[in-house]
Protein chains: 2
Amino acid sequence: MTTRELLIAAQSAKTTLAPAGTDTKNNALLYMADALIENTDNIMAANKQDADAARGRISDSLLDRLLLSPERIKGMADGIREVVALPDPVGKVLKRVERPNGIVIERTAVPMGVMAIIYESRPNVTSDAAALSIKSGNVCVLRSGRDAWQSANAIVLALRKGLIKAGLPQECVTLIEDTSRESSRELMTANGLVDLLVPRGGAGLIKACVENATVPCIQTGTGICHIYVDAAADLDKALSILVNAKTSRPGVCNAAECCLVHRCVAEKFLPSMKKALVEDRKENPVELRLCEESAKIIDGTLASKDDFDTEFLDYILAVKIVDSVQDAVSHIAAHSTGHSEAIITEDASAANAFTAAVDSAAVYVNASTRFTDGGEFGLGCELGISTQRLHARGPMGLCELCTYKYIIRGNGQIR
Amino acid sequence: MTTRELLIAAQSAKTTLAPAGTDTKNNALLYMADALIENTDNIMAANKQDADAARGRISDSLLDRLLLSPERIKGMADGIREVVALPDPVGKVLKRVERPNGIVIERTAVPMGVMAIIYESRPNVTSDAAALSIKSGNVCVLRSGRDAWQSANAIVLALRKGLIKAGLPQECVTLIEDTSRESSRELMTANGLVDLLVPRGGAGLIKACVENATVPCIQTGTGICHIYVDAAADLDKALSILVNAKTSRPGVCNAAECCLVHRCVAEKFLPSMKKALVEDRKENPVELRLCEESAKIIDGTLASKDDFDTEFLDYILAVKIVDSVQDAVSHIAAHSTGHSEAIITEDASAANAFTAAVDSAAVYVNASTRFTDGGEFGLGCELGISTQRLHARGPMGLCELCTYKYIIRGNGQIR
């Protein structure tokens, strides 16, 4: 079917899914998880086709993301079952007011409608995104990267068996068949057919969406995150947080890419930073890209201008000496992607100045930027991290996948 | 100055305005209100220039919207003073959670940043929008229609005197100098310089924004609102609500444009409707545009297909007979703009089916659609009515002009 035909079918499913009760949705999720396990052989066979076609064409780390195993499929099923346990956001009365004329106004959470997700080559995104969509009452239209399409297709076929068993239309989860760039473009401009578009991918995809999407869209995922070590920092805390934020998982969006160090503590902090990030690490020592002034204190590559605007997603850290909290805030305003930034300080007024002035989704005092995550924030799960201001900011859990409507009850009131 | 230069200046003002305290903002509002009164002569002179240039070129009703008087200017000043009394949305902790690891996460309301508003020729929008922006900590960039530009400019010059007196940068309120279409286009695509775009105008402007805006944008204001008279309606209530929704102010977006009548009550309801809306009204009788079946019961113009997709904003009402709540819901899904719809019924299950299935910003049971309004909803004021699902839906008060950020405080936590 064409992308447009699939979207029209998806739209028709929303009148059944949106008002579905919590039990119906949870049943569907449990059946979907079972169906993944039952169809392990089909999914593995499809994944082998993808892997054979991709081998040699893509990097080893991308190939690793693509590869499934029965254990990984079980992990996906467990992920769906975890969503069952989360509270249903739909129908929640967010605000209630009775007006003097007697009308009662309830702001009530409702699904967005049809949610399209453009992603790349991690097959587990297929089941994660489908589970979050179903639980939040949203019909899900998936546009997988070409390298993982056979795997995604086998997963969606399994998930649809679960939907049918639960009495929901199989169109609640749909995979776009066209994997050319054209289908992404079609989703971005399918006004009236796509109620929310969530691109999950690299900077190129996000930029294409910002420039071309005419449907409602959430930017997710790029993170040039900063750790600012203040003059009043506890330097042990600073070191521990920086090491964690840079090296615990450098390929994710909440990893730190740049360390700003107050001039007053630079001579003391930088050498210990170098020891911890470079000298003490036998595996994966961090490459430091230093501003001119920090290069006078420790050895390292001299940073190019671009290094302060790059999401390395690797064992690389840009380092810059600053003169004040304000100087740090200005650097962040100019170079951050609005994801997560931290100040390390024991000075409450410095902390308050930083949290007030930094305009990012998550602003930390004395904690690692790695906490910007749906699970860590207590949302249970997430579809991604929004780096925009409109609608949702930071981790997008089930509540953030909903909108609201006002339901107003009266007994004949007129104005 | 060019539009781009004005936007850059506006961006620089946000670092002062966003963290400004409630007292500072309220003081500024009071000075702005005083300055409007003090500059009444200048504003009237500018308004005369606009009116002289427009007379004969625009309709009498548009000219009436454009004309100011000392009383209207006083009304604008009073409007600003009313905003002083409203609670400040900025800095409010919307959600607070302490995680098992001890980090405390606060979701905190913050301004959007620079808010651009494209509007037409009502000079009072200039001061209303500026007041709501300042109170919500947002820098305001106004793009007035050409016919009212001299008036808007005189108003902004006065408001800026108030800002300066309060110690805030005058760039907090800025009027775009270029009134060509090009400046609207520039605002729609000024990524990084416009944090929120709110078009306030007719269907053409909204369509242009949806198709061309690459900055975050809120659609406001078009309303094809429906009143559905159910089989179980109290027909007296239905008549009173319909007359109110259609005739109390037909030129506004929450006025009803279409009445759907259940087949079971059509023979009884339609003649009394015709009496109330047509025969009993000496001034402004309503023109009925009837579906074929209702035309068998009462006289009136036969509706064209387009009449069910038209925001008349006039004493015209489309009328259609439907077979059930579901039939009404389907008609609304196909023809509504997602603004406001009402069911008139004494049957709770019909009411629940309607409120569950209708996907509009405001869904009423036994009350007039005319209540969809910031003031009537208890928000104190509004910048417009959002008819989109993303971010804000329905009346946009001060809270809806804000976004949030997460502020996370720890004592060295790592992940």
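Is the crossing of α6(B) and α7(B) left-handed or right-handed? Point 2 takes this up.

1. Basis. The model is predicted: local features need pLDDT of at least 70 and side-chain atom pairs count only at pLDDT 80 or more, whereas totals for chains, interfaces and linings use all residues. Residues are numbered from 1 along each chain as its sequence is written, and chains are lettered from A and ligands numbered from 1 in the order in which they are written.

2. Helix pair in chain B. The crossing of α6(B) and α7(B) is right-handed, a term for the near helix being turned clockwise from the far one by less than a right angle. Helices here are DSSP runs of H or I with at least four residues, strands are runs of E with at least two, and both are numbered from the N terminus. Helix α6 (residues 123-135) packs against helix α7 (residues 149-165) at an angle of about 30°, the axes being 8 Å apart. Axes are lines fitted to C-alpha atoms, for helices over the stretch in contact, and angles run from 0 to 180 degrees between N-to-C directions. That angle makes α6(B) roughly parallel to α7(B), the class for angles under 35 degrees. Contributors to the contact include B:Ala130 of α6(B) and B:Ile155 of α7(B).

3. Interface. Contact, meaning C-beta atoms placed from the backbone that lie within 7 Å, links 53 residues of chain B with 53 residues of chain A. On the chain B side, β16(B) gives the largest share, 11 residues. The copies meet through the same surface, because 100% of the interface residues of chain B are also interface residues in chain A.

4. Strand pairing between chains. Strand β16 (residues 402-413) of chain A runs parallel to β13(B), joined by five bridges; two strands pair if DSSP finds at least two bridges between them. B:Ala362 is the bridge partner of A:Tyr406.

5. Sheet in chain A. Four strands form an open sheet in the order β5-β4-β3-β6, with parallel pairing. Its edge strands are β5 (173-175) and β6 (196-199).

Technical notes
Contact = placed C-beta atoms within 7 Å. Parallel < 35°, antiparallel > 145°, perpendicular 65-115°, else oblique.
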